[in-house]
Amino acid sequence: MNHLTPDVLIVGGGIHGCSAAYHLARAGVKVTVLEKDWVSRHASGVNAGGVRLLGRDLAEVPLSKVAMNLWQNLDDELDADTGFRRRSLINIAADEQDMNTLYARREKMHAAGYQHEIIIDQQELRERLPHVSDQCVGGVVSESDGYAIPYQSTKAFRRAAERNGAVFVEGEAVDSIRKVGAHWQVKASKNSYQSEHLLNCAGAWADKISVMIGDNVPLTHSAPMLMITTRMPHFATPVVGAVSRPLSFKQFENGTVLIGGGSKGFADRANNRTRLDYKKLAIGAKNAAEFFPIMKKASVNRMWSGLEAYMPDNLPVIGESVNADNAWHAFGFSAHGFQLAPVVGRVMADLITTGKSDFDLQAFRIDRFERKVL
Amino acid sequence: MSSTFDIAIIGAGPAGMAAAVTASKTGVSVVVLDEKSSAGGQIYRKVTSSPLENPEILGPDYIKGKALVEQFDDCSAEKYYGASVWHVGDNGEVLFSRDGQTHSLTAKEVLICCGAMERPFPVPGWHLPGVMSAGSAQVMLKADGIVRENAVFVGTGPLIYLVIAQYLRLGIKVKALVDTTPNSAYIESMTKFPGAIPQSSMLFKGLSLFNEIRKAGVPVFRSARDIKIEGAEQAEAIEFTTGGKQHRLDTDHIFLHQGVVPHLNLTRAIGLDHEWDKQQLCWRPVHNDYGQSSVEWISVAGDNTGIVGADGAEMTGKLVALSQLNRLGVITNAEQAVRSEPLNRQLHSLNRFRKFIDSMYQPIVEHRIPQDETTVVCRCEERTVAELKKGFEQGGQGPNELKGLTRCGMGPCQGRQCGHTVSELLAGWRGEGVEQVGYYRLRSPMRLLNLQEFGQFSEIKPINAMTGEPSASEEPSAKGEVV
């Protein structure tokens, strides 16, 4: 069968694997994606859906800015409904200390030539978020930001990839990877594959795939937690975060409010599941109600978490393998990779087809934690 | 007093009460949590404190619960009423709301006996206001003495006949019984009839209820199908056929019922293994003869294990308690075996009758798996068969993928109202067994949880600060699913 011998074999059917598959297939490359569960099963399907440029690490800003432009027309490009809504994102300052943090950040951003983060005062904060607590003193806004529906977005990339000839094999876990001559030989639970290139988009399992390829990487995994309320009257258009507190929420068009904040549950990777840490999740609830008193009456409908990969510096691995030819990595997005997917897929396609990228990927090298001197 | 117990029992119905009475006699520490203000469960709801002048009218099967409730009230188990459990961990941690606060406790052994809920009845218009379940009609009656005049009862199964009979004894006019039991079921069940003979008194009870309804002059339409509830904003009429003949009854109160299925939200959220019961056409937690689930220290009893009825629930509750006492080192293997033997025998005998009932009142395919594309499957998110079919064709092959694509099952009921339907619909579309299709992956909270209360969770009150007084905040309709 044709799909057993593609040009590029992608391990991982998350949004990055799907986006890379789309960009490669569109460029005429034969692609097969192996997914051990089903496409979008883990972090890509159950994340908070934040499409965020605000507050990015400087190293990520160039990628994130291009991704943000791509998001604005992504539905048209993929001929699908990703659920993307441009709503702006505001990080709220709870006190003067938060404002000072924002001023310092602004200086850094301006020095680097970035102008997209705008500091707002208390009055403007209230105009944009009428229900915010009186205690909040200001904030910072990025106008292009918003949210999308993760599961739909991942599926949209998958469908577009398939229309361009990519093949997805679900329930296909990789057992072993070895290089014989110029080709990768990959044995998975159902089939064996042979390809010229191998792309590791395995998310929380990417360290295992890396080791099979021959690259060590200090990846960890965790279970960021989320909860969603029942429908509430409309009270917040922008996506909301906080400068120094674990708070993050967005109200969808149907009135439900998704509350995150980055607190983590327990990742049971071996069993493909997570457990929630209710005490930590409760802190997100408390902060939401403190910053927005209207939310005191909210009812929590569901709580969940997904398995996500983290790097020690919270920056992803994007680029080539350091120990093998024709192996590539895109993983470790540390709970903020969703927004980057449209551009990282393109970067990977460029790397694989031309060996080059328009972006400086030094900060994302897989061996950046290797000690040069003991 | 501490917040640690030997045994925690979730649900004070017949199974939970029987288990608590059995276990607490030995001196182990037992806590029983129930969201209502008193014990009894759905079946014996308020049997010792009925709002009715003459509760005997509800029948001897109700009144007999008094003895068990009184025994339970007298037993030494801690009882937490008005306690709404929203999380049980597979480590034995129990989190619950009471009086607007979240509390926690831990137990060496946990018994889940949350009973049953009515099977969804997804026919066109079942989501309209004015349409409720026969079970909720009975809950309104038992708990608050509220009734609906001139209602049409639609469906099959012992409960529907019982509720109608209870209505009639109270002098409430019933407009009609639209019985969906197919005529063929009577003949087919005969093959299993010999098994029912040992319990022929129960069989007789069923028949006498039916006769009571006929004698009262309630119009009965038998072997009804093609059910359709009409109405724009609210139910206005019901249409159906019998033997190819079309009928239409104007009514604004319709009670649907086609049997009950185990309450799955808790057992699913814990992550227990479940299996598809082909006889009862429902999911149930996998368990051994002593109610032990796939997690060693978590057991299930009563209708939560698969439908066993009130008497069966009592027996399974006792069986679980004995096995828990054994694991706690309070009774020996031999003692457990001796005391379990008669219970197992009675249960076995009951089960033969249960097979007959299951066969007789098995809801027909078209009432379980909606055929009409416009029929609402997920009531919370208002998703129709057509929308699910589209999601399926777009790759929503399993319940969770379908949920992600269509939002079916994402609403406040956590899929209670659509889970079984979705499993069976997908099985049909995939041409596979329901077992292969599976069910929603659920999570705590088991019920809606106030955000402010949850926010105070880290300042949790120890359980010994509680008074043990019943909560004032009981909601009347409670577990009665509004179908």
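**Entry 1: domains of chain B**

Into which domains is chain B divided? I began there, keeping in mind that this is a predicted model. I found domain 1 at 4–115 + 261–331 + 458–465, domain 2 at 120–258 and domain 3 at 367–437.

I then looked at how domain 1 of chain B meets domain 2 of chain B. Their centres, taken over C-alpha atoms, are separated by 29 Å. Eight residues of domain 1 of chain B are in contact with nine residues of domain 2 of chain B. I sorted the domain 1 side of this contact by class and noted four nonpolar, two polar and two charged residues.

**Entry 2: the open sheet in chain B**

Next I traced a sheet in chain B. It is open, has five strands with parallel pairing, and I wrote down its order as S8-S15-S9-S10-S11. Strand S8 (131–133) and strand S11 (220–221) of chain B are at the edges; each has a single partner strand, so one side of each lacks a neighbour in the sheet.

Strand S9 (residues 151–156) and strand S10 (residues 174–179) of chain B are parallel and pair over five bridges. To find my place on screen I used B:Val154, which stands opposite B:Val178 in S10(B).

**Entry 3: a hairpin in chain B**

I moved on to strand S13 (residues 237–242) of chain B, which runs antiparallel to S14(B) and is joined to it by six bridges. Which residue of S14(B) is the bridge partner of B:Thr242? I found B:Lys245 there.

The hairpin of S13(B) and S14(B) leaves two residues between the strands, and B:Gly243 takes a positive phi near 55°.

**Entry 4: where chain A meets chain B**

How many residues of chain A are in contact with chain B? I noted 25 residues of chain A, in contact with 19 residues of chain B. On the chain A side, helix H7 (150–163), helix H9 (278–291) and strand S20 (299–305) each supply at least two residues. H9(A) gives the largest share, eight residues. By class, the chain A side divides into 14 nonpolar, six polar and five charged residues.

I was pleased to find strand pairing across the two chains. S20(A) and strand S22 (residues 449–450) of chain B run antiparallel and are joined by two bridges. In one of these places, A:Val300 has B:Leu449 in S22(B) as its bridge partner.

**Entry 5: chain A as a whole**

For overall size, I compared the radius of gyration of chain A, 21 Å, with the value near 21 Å for a compact globule of 374 residues, and the two agree. Along the principal axes, the C-alpha atoms of chain A fill a box of roughly 65 × 45 × 45 Å. Buried residues make up 53% of the 374 in chain A. Last, I looked at contacts in chain A between residues at least 6 apart in sequence: 72% of them join residues at least 24 apart.

Definitions and conventions. Residues numbered from 1 in each chain as written. Chains lettered and ligands numbered in written order. Predicted model: local features only at pLDDT ≥ 70, side-chain atom pairs only at ≥ 80, totals over all residues. Pairing = 2+ DSSP bridges. Helix = DSSP H or I, 4+ residues; strand = E, 2+ residues; numbered from the N terminus. Domains from an automatic or database assignment. Contact = placed C-beta atoms within 7 Å. Nonpolar A, V, L, I, M, F, W, Y, C, P; charged D, E, K, R; others polar. Rg over C-alpha atoms; globule rule 2.2 N^0.38 Å. Buried ≥ 20, exposed ≤ 12 C-beta atoms within 10 Å, placed from the backbone.
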